[in-house]
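Please brief me on this protein model.

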Amino acid sequence: MALYTRVSGSVGVITLQNPPVNALSAAVRQGIVDMMDRALSEPEVKSVVICGQNGKFCGGADIKEFGTNMSGPALIPLIDRIESAAKPVVAAIEGIALGGGLELALGCHYRIAHSKAKLGLPEVSLGLLPGAGGTQRLPRLISIPAALELITTGRHVTAAEALQLGIVDKVTDRNTLDEAVKFALSVAGKSLDLHRISTNPCPHPPDVDAVFETAMQRVRQRARGALAPVACVQAVRAAATLPYAHGMERERELFKGLFTSGQARALQYYFFAQRAVGRWSTPGGARWDTSKPRPVRRAAVIGLGTMGRGITVALAQAGLSVVAVETNEKQLTEAKQGVSDMLERGARRRGVPPALDKVIYSHKIQAVADVDLVIEAVFEDMELKKAIFQQLSALCKPGTFLCTNTSGLDIDELAAQTQNPELVVGMHFFAPAHVMKLLEVVYGQKSSPQAVATAMQIGSKIGKVSVAVGNCRGFVGNRILKPYLEQAFFLLEEGATPELVDKVLEEFGFAMGVFRMSDLSGLDVGWRVRKAIGLVAPEALTGPYARVREGHRYSPLGDLLCEQVRFGQKTGRGWYQYDKPGGRVAKPDPWLHRFLEEYRAQHGLVARRIDHQEVLDRCLYALINEGFRILEDGIAAGPEDIDVIYVLGYGWPQHRGGPMFYAGMVGLNKVLERLEHYHQVHPDVPNLQPCSLLRKLVASGSPPINKWREVIKKPHSQL
Ligand SMILES: CCCCCCC[C@H](O)CC(=O)SCCNC(=O)CCNC(=O)[C@H](O)C(C)(C)COP(=O)([O-])OP(=O)([O-])OC[C@H]1O[C@@H](n2cnc3c(N)ncnc32)[C@H](O)[C@@H]1OP(=O)([O-])[O-]
């Protein structure tokens, strides 16, 4: 809807009304058309202002309408009509002008923004390009290089930057609508010739071809198979090389191609999935809207290794006071320097003072006595963690939430060490903790709804996407990782190389193949966990049972590499070789290829040619199968939780939506059929046996992903 009022006698004000972000739904578009007609036909009205209600100009096209039968007036002619109006039209931008919202503003003759407003064309992150003239008008207004950068990254700019770039004519700290009305009065009757952006030529840099070539190279490198960034460059090129009308045709054609691509669907699903995870629930009935978090003013972090330092920085940057505890004096001294450096670097980047005074350091655990919440981030060792939880339980003031940053140990076992297990919850950060957007909030059998709600709230306060998950080995992310890694190892045994497996996964769109990723995160981490749970038995490494554990196929390849102190990048050798310890450029290692050959010979394995499809099928479907088990077990409340975790924490390509969405796209019956096939070939690999929920979904006619929850019915423990 849009509301019309007349102010100061001669200014028609059109207010977009569609909470929460005034998206351009059919009703809003119709409202704008009707109200523009009215403003243009009233002789008393000399100029027009368009604004949005509740301090938000417009969040763009209504994404919920995509994929439905879109009705109502089309956006492009609507914007053209505004631009060609004989009366000046001023956009009063408060809050946001994003996507179609900014395109609407670019159709206006003038733009006034509040100093706190954010502007941008983020369509690329939805698998689209600005399809209502944005790719043709923005370069005409702010130059090709600047427009390319904004459109291909989807970056939001502040009002100050928008002014500098020339996107807006004025920035104000006062009431934006009042300022826009004043401005509209001042420009009434003046020529609009220079202010119809589409009629202006597109300014050419002298080296225009080189500009586009560089932009194309950059997006191809970053895109990892995503179509939209490439199409964005092509559309801006059309602005530079074609007259406006033809450029618009090209924009429409490219937009259509993207709109109907599976990638746009995947990215739009992912957009809503990121928001859906905030509406968390647990099998015990705790929910986001009924569980009240408790305010946290002071937090403590125990253990200042890499994770603890990152968590301290994340908390301090969000304005929380942090007591940072490290009992090892040498480590404490290093951590002080490390945390301060990170805070200073972050502050420089964000143009704010560093939050150095938010952190108090101590080498005594007693310093936590007065905090509201503790995050334990010591070494991944159950006995050590148990001892710390016992101490925390005795030391902390009543009601302090006790959280652990374990990446997979049993939350209930830790909670059992405390007097108040309901206050214990997992907060699993991902390295580097001050950068990575994901937080798994792990509830145990006894975690109270308030503890879960508080951890979720802290997550959003520090800028994370928090996902509430149940307690099991590895929680969601690391549990799913296991069968994926396992398949990669098996493929090596059967004849593949790390290079082949990584190439296939990177071509699929993963940020890094499984072996390069293992080298980066350190092979010793998983080795230590496998040792702790008794999987690494030195005497079994060469014997007949070297490749069997608990009756199932097991690959000791990772263990054997660790025996050779090949821990990955940190030791300069892993699945690849590096120039030096800490080196980052992975090079194929002839030693490793020989080692694989000897290993196969030793175990009577005959290498075969493995094609790309098999690598992809086995790695991805094993992972997806575990995802279905997680849903079946109630460890994740819905497929969105798994997808968000996998995209944000494990480098799954966003434009493929996440593993569960991908399964739906491929077709659940195909996933089932392929798993059945591979399980038949490898009956000793239980992870390839299709999970019963997958069978149930297929038997129910493979419903769309938003209907899966209806099929998942499970018994659960109570919170
Ligand atoms: C030839 C064909 C021509 C086609 C024309 C194409 C036009 C154009 O180029 C395409 C577009 O504009 S594409 C669009 C380009 N625009 C974008 O990409 C902007 C996307 N939006 C954002 O980036 C963020 O939502 C904001 C920064 C706006 C607000 O952030 P925040 O304050 O953290 O709040 P929050 O939690 O994020 O959202 C609150 C609620 O609003 C909901 N919602 C939001 N936007 C929506 C939309 N456009 N729609 C519908 N709903 C939208 C959101 O789901 C959530 O709902 P819930 O039910 O409560 O969960």
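**Two crossing helices**

- Helix 23 (residues 612-633) and helix 27 (residues 692-699) have axes that come within 7 Å and cross at roughly 90°.
- These two helices are therefore roughly perpendicular to each other; that label covers 65 to 115 degrees, while angles under 35 count as roughly parallel, over 145 as roughly antiparallel and the rest as oblique.
- Axes are lines fitted to C-alpha atoms, for helices over the stretch in contact, and angles run from 0 to 180 degrees between N-to-C directions.
- Helix 23 makes the contact with Asn625, Phe628, Leu631 and Glu632, and helix 27 with Ser692, Leu693 and Leu694.
- Two residues are in contact if their C-beta atoms, placed from the backbone, lie within 7 Å.
- By class, this contact of helix 23 with helix 27 has 4 nonpolar, 2 polar and 1 charged residues.
- Ala, Val, Leu, Ile, Met, Phe, Trp, Tyr, Cys and Pro count as nonpolar, Asp, Glu, Lys and Arg as charged, and the others, Gly among them, as polar.

**Basis of the model**

- This is a predicted model: local features need pLDDT of at least 70, side-chain atom pairs count only at pLDDT 80 or more, and totals for chains, interfaces and linings use all residues.
- Residues are numbered from 1 along each chain as its sequence is written.
- Helices (H or I, at least four residues) and strands (E, at least two) are DSSP runs, numbered from the N terminus.

**The open sheet**

- An open sheet is formed by 6 strands in the order 1-2-3-4-6-9, with mixed pairing.
- Two strands pair if DSSP finds at least two bridges between them.
- At the edges are strand 1 (2-7) and strand 9 (170-172), and each pairs on one side only.
- From one strand to the next, the twist averages 20°.
- Helix 7 (residues 176-187) packs on the sheet, and its direction makes about 160° with that of strand 3 (47-52).
- Strand 4 (residues 89-93) pairs with strand 6 (residues 110-114) in the parallel sense over 4 bridges.
- Val90 has Tyr110 of strand 6 as its bridge partner.

**Around the ligand**

- The ligand is surrounded by 28 residues, the closest being Gly60, Ala61, Gly99, Gly100 and Gly131.
- A residue counts as near if its C-beta atom, placed from the backbone, lies within 6 Å.
- The shell around the ligand has 16 nonpolar, 6 polar and 6 charged residues.

**An annotated domain**

- UniProt, in an unreviewed entry, lists "domain: 3-hydroxyacyl-CoA dehydrogenase NAD binding" for residues 299-471.
- Residues 299-471 are 38% helix and 23% strand, with end C-alpha atoms 23 Å apart.

Terms used. UniProt positions are given in the numbering used here, feature names are shortened, and annotations may be inferred rather than shown by experiment.
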